Every structure is written in C-alpha cells, then in structure tokens.
Amino acid sequence: MRQRKLAIRVVVSGFIVVLLVAAGSLVLAKSKDKGERVIPIKVKRFEYTPKEVTLKRGVPVVLELTSLDIAHGFNLPDLGVRADVLPGWTARVRIVPEQTGRFVFHCDIFCGTGHEELEGVIIVKE
Amino acid sequence: MVAHINRRDFLRLAGLGGVVFASGLGHTADAATSRSGKVEEFYWVQLSDSHWGFDGPAINPDAKGTLKKAVEEVNNLPHKPDFVVFTGDLTHTTDDPVERRKRMTEFRDIAAALNVKTVRFMPGEHDASLDRGKAYKEFFREPNYTFDHKGVHFIVLDNVSDPAAMIGDGQLEWLKADLAKLDKDARIVVFTHRPLFDLYPQWDWATRDGAKAIELLMPYANVTVFYGHIHQEHHHMTGHIAHHAAKSLIFPLPAPGSAPKRQPIPWNPAEPYKGLGFRSVEAAAESASKYEIAEYLVRKA
C-alpha cells in the first residue's frame, strides 16, 4: 500500500516536473519569438550573480535562474513573482516592470548561515 | 487570586514589565469561558530566538551569557510561571550536523536550569530547516503538538521544518482536525515561529501558506498567536485574531522595512542588551480573548 502511494507520488511529481519544464520552455520559446531579453541569474550560497539587474519600464524580460549548489528561492514580492531554483533545473520567470524603482528579491528557501543576506535588487528605470 | 493581584501590583510598582499590553487590540466581542473547561488565571513566560552558538562580538559580545541571564531573571520572578515556552531558533544554524547537536545539547542544558515544572519548545528555521527537523526531533520531540492548560487550548504550529517556510497540507489537515473538536468560543492560543500573516514578505517575514492556517482559525472567536522570528516586539490583527511577536535573546532586528536590509542592530556599549528580552503573558479569567503581556529586559548581571 505504502509502495503504491510512493509510486503514485513519484508519477505525479514527475508529471508536475514535466509540466513545469514544458511551461518554462514555452515561456522561453515565446520570449525568444517576441525577441524578449533573457537575463541569466546564477544562485549559490549566499550570492545571486548578478545581484543587481536594471530593467526598462514596460519592457518585458525573462529571468533565467539556475542554482550552482542547493535549493534556493527567488522571491520578488513587490512584483508578485517567485520561483523555486532547484539544482539541475532552470527556473524561468517573465517580468513586465510597470513601475520605476528599486525592488529587492531574496531567497525564501532557508539555505544556511548566510541565508538572510542572500538577496539582490531589480532596478526599473524609464 | 491573591497571587494574581500581587503579580499585577508587582509589575505596576516595580515597572519591570515596561509595557503591559492588553491583547485583543480593542476587540470587544469577548466570548464567555469555553464550554470545554473553566478558565483560571495563570501566566506563562515566552522566550524566543536565543540562537545558541551565534558568534559575532560586534553584534552581541555576551552571546554566551545572554540566554543564561534570561534564565536567571525568569527564575527570579516573584511568582513562578505555570510554564515557559521557547518559540524557536533555540540554536543558530550550522552546516555541521555534529555541531548542530552540540549546540542543542548545550541549549537544553541551559534551559534545564529554569526553575519551572514545564518548559515547552518549538523549532525555528535555524534549528530545523537544513535537516527538516531531524536533529530537533532527537532532542525536543515533535515540532507540532497541542496541550491544554487551565481552560486554554494551546496549538504549536511548525512553519520551519520545511525550508520553504510552509506549514504543509499534512499539518494543516492535522490543525483542521484538532480545531474540529473545539467549540467556536474555545480559548485558543497558537505558538509558532514565523508570522502566519504577511508581515513583511520583502524580508521573508511571512509563512507561505500561513493564510490557510488563519482561515482555519478564523471561525473561532478567541484566538491569539504568539511568535518569534523577527527579534522584536510587534502586534498585529488579522480580523479578530491578535498576533504578538517577541523579542530575541541574541540581537534585535530593525522594524519591518525601516532599513535597507534586515541586518542585526549592532551592540551599543552605552546601552548593553538593548532590545533583548522576554515576556510574561497572563491569561485573564474575566475575558476569553484578553492577555496581559509584560515585557522584560535582559539586564547586566
């Protein structure tokens, strides 16, 4: 019974992963079709690289997030965006910045001693 | 009753409590005593965020002494609390599982010096998030549980063993089943580490699925939440539910959004231990949603 439940969980998890990858690929494909800028961001304990990203108001971009070590989060509450950044996967989030300003993003999956310092900033200009 | 009056008099006359805060924040829909049991007056002490093992002389040069001083102050209270609760981040995080257990052993030994019959624990993300609560459970057993005391139903919620700051569907089902046994006017206190509401998500001061827990609690008339995590006193209402954050015993953090970063406030030699402390919480018998909170400062020995 337990093994059956586990098997179901594995299948469901696999299906979700496939869906997420497909959705991510779709976002990227559509973005590329539209000629949208793709910005790669690497995450490791306890640093985003780059940790400062400058965008132009109203111009959509795709952030392509990859982890270099363990599971991290990418949370940009002011723009209502978050993603899990898991090792071996690429998380893609599309942003259409509507307002100018500085918007801090941070890791929201606890990753160790320097977790509280793992953050960066999106700067949106006219 | 005599003890109650004496304690209140003591707080008022000695001014030890600093602020005596009546929980409920103006909430007037006080329900009667729960049908499930008679409420007696009593009080407990909340300690939080001791981060045992933290090392940072510029932040707290007495990192090895502050918790011990707080334990001593609790032991010196004129009236013994019914119990003491630690609301998480008992230890400071470490990647080394051996060191983590060493810190938990030392913390447990220090807490054992508390001269009270019952001491309750719960994890913070520093204790439990890196190993999903494995070491914590070895020392302090389950991270979520309930207990009843003198007419109050206490619920300890774990929103840190999942490193993504989630309570999780399983625990939410457990909460739902536990609440289903209670009358809608039951007197309920929730202990948790992180705020259940979005206090300041920009600093990760939130629980990702905390709104689901609040939704489950909302039909109950007399619910109060006590938590830690943000290293400062803070009071907030979600509907009729009051949420009270406690001070830390290692370093204070800035008020939500008041600084560019959530970095510890450095030690001020002119005002040592400023912002560090613990609190007593008194459950009043006359009102099912009223709690008197007295804040105590850690002081130089």
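**Close-up views of a predicted two-chain model**

**View 1. Loop residue Asp89(B).** Asp89(B) is found in the loop between β3 (83–87) and α3 of chain B, where helices (H or I, at least four residues) and strands (E, at least two) are DSSP runs numbered from the N terminus. This is a predicted model, in which local features need pLDDT of at least 70, side-chain atom pairs count only at pLDDT 80 or more, and totals for chains, interfaces and linings use all residues. Residues are numbered from 1 along each chain as its sequence is written, while chains are lettered from A and ligands numbered from 1 in the order in which they are written. Although not a glycine, Asp89(B) has a positive phi of about 50°. Asp89(B) counts as buried because 28 C-beta neighbours lie inside 10 Å (buried: 20 or more other C-beta atoms within 10 Å; exposed: 12 or fewer; partly exposed: in between; C-beta atoms are placed from the backbone).

**View 2. Loop residue His51(B).** His51(B) lies in the loop between β2 (42–47) and α2 (66–75) of chain B. Its phi is positive, about 45°, although His51(B) is not a glycine. With 29 C-beta neighbours inside 10 Å, His51(B) counts as buried.

**View 3. Cis peptide bonds of chain A.** Arg45(A) and Phe46(A) are joined by a cis peptide bond with omega of about 0°; Phe46(A) is in the loop between β1 (37–44) and β2 (47–49) of chain A. Another cis peptide bond, with omega of about -5°, joins Thr49(A) and Pro50(A). Pro50(A) is in the loop between β2 and β3 (52–56) of chain A.

**View 4. Helix α3(B).** The buried residues of α3(B) are Arg100(B), Arg103(B), Met104(B) and Phe107(B). On the other side, Val98(B) and Asp109(B) are exposed.
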